[in-house]
Amino acid sequence: MRELTKYSIEELSRLISRKEVSAAEVTQGYLDKIREKDGLIGAYITVTEEAALKKAAQVDRKIAAGEELSPLAGIPGGIKDNMCTNGVKTTCASKMLENFVPCYTSTAVERLEKMDYVMLGKVNMDEFAMGSSTENSAFKITRNPAAPDCVPGGSSGGSAAAVAAEEAAFTLGSDTGGSIRQPAAFCGVVGMKPTYGAVSRYGLVAFASSLDQIGPVTKNVTDNAIVLNAISAHDGLDATSIPGDRPDYTADIGKDVAGMRVGLPTEFFGEGISPEVKDAVMAAAKAYESLGCEIVELSLPSLDYALSAYYVISSAEASSNLARFDGIRYGYRSEKGATLDEVYRYSRTEGFGPEVQRRIMLGTFALSSGYYDAYYKKALQVRTLIMEEYRKSFETCQFILSPVAPTAAYRIGEKTENPIEMYMGDIYSVPVNIAGLPALSLPCGRTEDGRPIGMQLIGKPLSEGLLYRAGYAYEREFGGR
Amino acid sequence: MSGNLEVGEKMARNYEMVIGLEVHAELKTETKIFCGCSTKFGAEPNTQCCPVCMGMPGTLPVLNGKVVDYAVKAGLATNCTITTHSKQDRKNYFYPDLPKAYQISQYDLPLCEHGYIDISTGEGEKRIGITRIHIEEDAGKLVHHEKYGTMIDCNRCGVPLIEIVSEPDMRSAEEAVAYLEKLRAVIMYTGVADCRMQEGGFRCDVNLSVREKGAETFGTRTEMKNLNSFAFIAKAIDYEFKRQCETLENGGEIIQETRRFDPDTGKTYSMRVKEDANDYRYFPDPDLPYIDIPAEKLENLRGEIPVLPDERRRIYEEKYGIDRKTGGLITGDREVADFFEETASRTKYPKTAANLLTGEIFRLFSGEEREIRISGESLAAIADMAGDSYINSSTAKRLVREVWENGGDPMQIVRENDLAQINDEAVIRDKVLAALKERPKILEDYKKGKTSAAGALTGAVMGLTKNKANPEIVNRVVKEVLEG
């Protein structure tokens, strides 16, 4: 038998239900792996070992009693530390919430709990999900398991690193401008940013409410669809949740893709992209051709404005969303404040890291009277343009193939001094959030020195099933981490 | 304040005040605007709140549909245009009673716009414009404790409010109060709010500026916040008008600021200067979709609006000949108007019933609570007896009080206590002569030209008859006897 942490969710689930291994053994296997590797990788902020073993034992009792099992029963997973977990610290990797223990659980996690998954712990991220390298965590650096001197990407760097290092069978991440897809690409795992509204945001500590979306990070495409099946549903606690039932996202996995039209947007292969990434994604296009797909060239001219629009909208919303962290009711409170204004000022200055403060100031400025029209309103207009361009694109193709990021993972510390350069790395991922579309990030090769390269498949709203089908077709023929 | 009378008179001649009012009325939904917590008033602190209304990280608001229905009804009742595609916006500011550090309100697309209500004052009828009505959430309450310092009670957080903004159409405290009374009545008629002022269910911010009479532009205004009694509002307006006039007369300048009215001194005090820096950075709340009101729904809500005070008053005037002032008093409160209509349907003398209602029953109301402790049937019976001259008016009033206090059947009370009016002129004449015999000085006084002596005799006669004599006949007979 292979090491348990190497198995996919599908395989583990079969082993558990056939009683070939116990849930406790699986969980212990992952806990051992965390103990072995996380000192180096640094994926976890909190490991909930005791609760995990207790939960696994509970699943084993269910098995012994012959109860019906869900596809995630006994499967160990990690949760990004911006999703609230009742009784378990939820820090958002911020000093501000270092000791914050919510008394409620986010809907996505609650759905996993109902399916008897085993929570291993809470994983690292950029503070309040702001960043692209997980270097903005207030607590620790996370290393890329595929290249330990490199960043794992961000903001869901812990989510991707944990799966890549086999420290979790799957994780949940959140994606506001690429925060699931880019770390998945950097670490060589599979990440899905679902359609806006597919997964409830209730209990996800908001960064940019109109862009945030929770999604799974997994070892392979099928696992990803299994987890999305678990977490995606209408939720009455989230007014932006899409009503109605969800399809079975695994249903079309295995069907062939011959005859599909794949869009290649020329703007995504222009200036700034590294040759290795470009070559890898072009090779993937060729691979799809060999599977019987037709490649069509597309133009998304508004891409030039997407990044600016993204940073205006996301920062504006963040400036308001993060205002509640004021040192009054919970979270960090400075000792220095003597007056109310000082309590606010010192608590927020000491509690938030520099990137978060930068975005709050940027967003506050963009919403200020006299500037609103020039920035926020303009950004919303760009948003409409981008949505329209995508809508038109999907008249000529079933899905779009593009790089996730212009480069593979870079060295730790390489871009921390230059925020703009860091922001530029989001150029291919943010338009998807702006348009509210689903996009699947999956490995499509490696650099010469072995760093993973990812591609993303972008579909029209609610086309996750089709993206999994297309992703799986590639993975089966050409994939392999 | 100099208190200089001359300045005061000059002010009144040269200046006029311009008043606009912002009213916050609490909607009486069972649950809060964005979560399922109860809105009930008076619970122990922090027992009616949850992660959502406390703005805990990751929680999201979900709009209570009733809030929209109620606000639309308030808009329809005040002749507003309803915005069928509106949105909610965040008003960002830091304060400890505001857990999210923003209030979810409505900025550029309020639910209701361009309405009006008609008021009547001593000066006559006037139409007051309503700029807008929007929905928003209430903030929490700060409780200052001697020992523990300032504490926060989140029970009010997320209680649904409508904010009703008037045009700057009012020119006196009397008009402002008339507007508020009428607005309160209309809203209460629709049943969407209780408007209990003592509980903060109906609070008023007054925006006031002064200008020289005939001027076209407005002066700089001040804002007086959270006034919760009509009497205070009138006092605050009068004081602030004088203060602003004096400031200008003395060559000073009005500063745009928020002022607090102190009921103990009757004066207003500066709270904070409203700087330009007070920028709320409104933007559409991304957690909440647009509010769409389908035409059918709008029509249904329109159908639920009851007959409103002005219309009722018109009907009373037309049908029962009740004067505008009395009609205005009766229709000021829906329960009272309903009670009157029930009474009117049972009596031959609705006008008599109306007078007993506004004359006697209004006196028996205690404070804000207008609980009517007499049935329409009883009041109708009393009005009938009075109208038929079976009892006189003072007995009628006495009966109202008696039934109010102790209950019982008015007719039976009259019979058992022998309260029927004495209409027999011969009996009355006997009583007049008897009274005069007891107090002969009355006749002397009368002969000397002291006309008030007649009144004294009438009073004496009423006393002798235990107030049961028909006053008209008494007056006539007294006059005849004194004239001799």
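Predicted model: local features only at pLDDT ≥ 70, side-chain atom pairs only at ≥ 80, totals over all residues.
User: OK. How do α13 and α15 of chain B cross?
Analyst: The axes of helix α13 (residues 425-438) of chain B and helix α15 (residues 452-464) of chain B come within 9 Å and cross at roughly 115°. α13(B) and α15(B) are therefore roughly perpendicular to each other. The crossing in which α13(B) passes α15(B) is right-handed.

User: Which residues make that contact?
Analyst: From α13(B) there are B:Lys431, B:Val432, B:Ala434, B:Ala435 and B:Leu436. α15(B) brings B:Leu457, B:Ala460, B:Val461 and B:Leu464. By class, the contact of α13(B) with α15(B) has 8 nonpolar residues, no polar ones and 1 charged residue.

User: What about the loops around those helices, anything with a positive phi there? Where is B:Asp418, say?
Analyst: B:Asp418 lies in the loop between α12 (410-416) and α13 of chain B. Its phi is near 55°, a positive value in a residue other than glycine.

User: And is B:Asp418 buried or exposed?
Analyst: B:Asp418 has 8 other C-beta atoms within 10 Å and is exposed. The cut-off for exposed is 12 or fewer.

User: Where is B:Asn467, then?
Analyst: B:Asn467 sits in the loop between α15 and α16 (471-483) of chain B. It is not a glycine either, yet B:Asn467 has a positive phi of about 65°. B:Asn467 has 18 other C-beta atoms within 10 Å and is partly exposed.

User: Let's zoom out. What is chain B made of?
Analyst: Its secondary structure comes to 16 helices and 16 strands. Chain B has 484 residues, and 41% of them count as buried. Along the principal axes, the C-alpha atoms of chain B fill a box of roughly 90 × 55 × 50 Å.

User: How much of the contact in chain B is between residues 24 or more positions apart?
Analyst: Such residues account for 70% of the contacts in chain B with a separation of 6 or more.

User: Which domains does chain B have?
Analyst: The domain assignment gives domain 1 (5-297), domain 2 (309-416) and domain 3 (425-483) of chain B.

User: How far apart are domain 1 and domain 2 of chain B?
Analyst: Their C-alpha centres lie 35 Å apart. The contact between the two takes 10 residues from domain 1 of chain B and 8 residues from domain 2 of chain B.

User: Which elements are on the domain 1 side?
Analyst: β6 (112-121) and α3 (173-190) of chain B each give two or more residues to the side of domain 1 that touches domain 2. The largest share of that side, 5 residues, comes from α3(B). The residues there divide into 5 nonpolar, 2 polar and 3 charged.

User: Last one. Why is α4 of chain A said to be largely enclosed?
Analyst: Helix α4 (residues 107-114) of chain A has 6 of its 8 residues buried, so it is largely enclosed by the rest of the structure. The buried ones are A:Thr107, A:Ala108, A:Val109, A:Glu110, A:Arg111 and A:Leu112.

User: What do they pack against?
Analyst: The buried residues of α4(A) pack against β2 (76-80), β4 (170-174), β6 (214-218) and α7 (221-231) of chain A. Just after α4(A), A:Asp116 takes a positive phi of about 65°.

Conventions
Residues numbered from 1 in each chain as written. Chains lettered and ligands numbered in written order. Helix = DSSP H or I, 4+ residues; strand = E, 2+ residues; numbered from the N terminus. Buried ≥ 20, exposed ≤ 12 C-beta atoms within 10 Å, placed from the backbone. Contact = placed C-beta atoms within 7 Å. Axes fitted to C-alpha atoms, helices over the stretch in contact; angles between N-to-C directions. Parallel < 35°, antiparallel > 145°, perpendicular 65-115°, else oblique. Left-handed = near helix turned anticlockwise from the far one by under 90°. Nonpolar A, V, L, I, M, F, W, Y, C, P; charged D, E, K, R; others polar. Domains from an automatic or database assignment.
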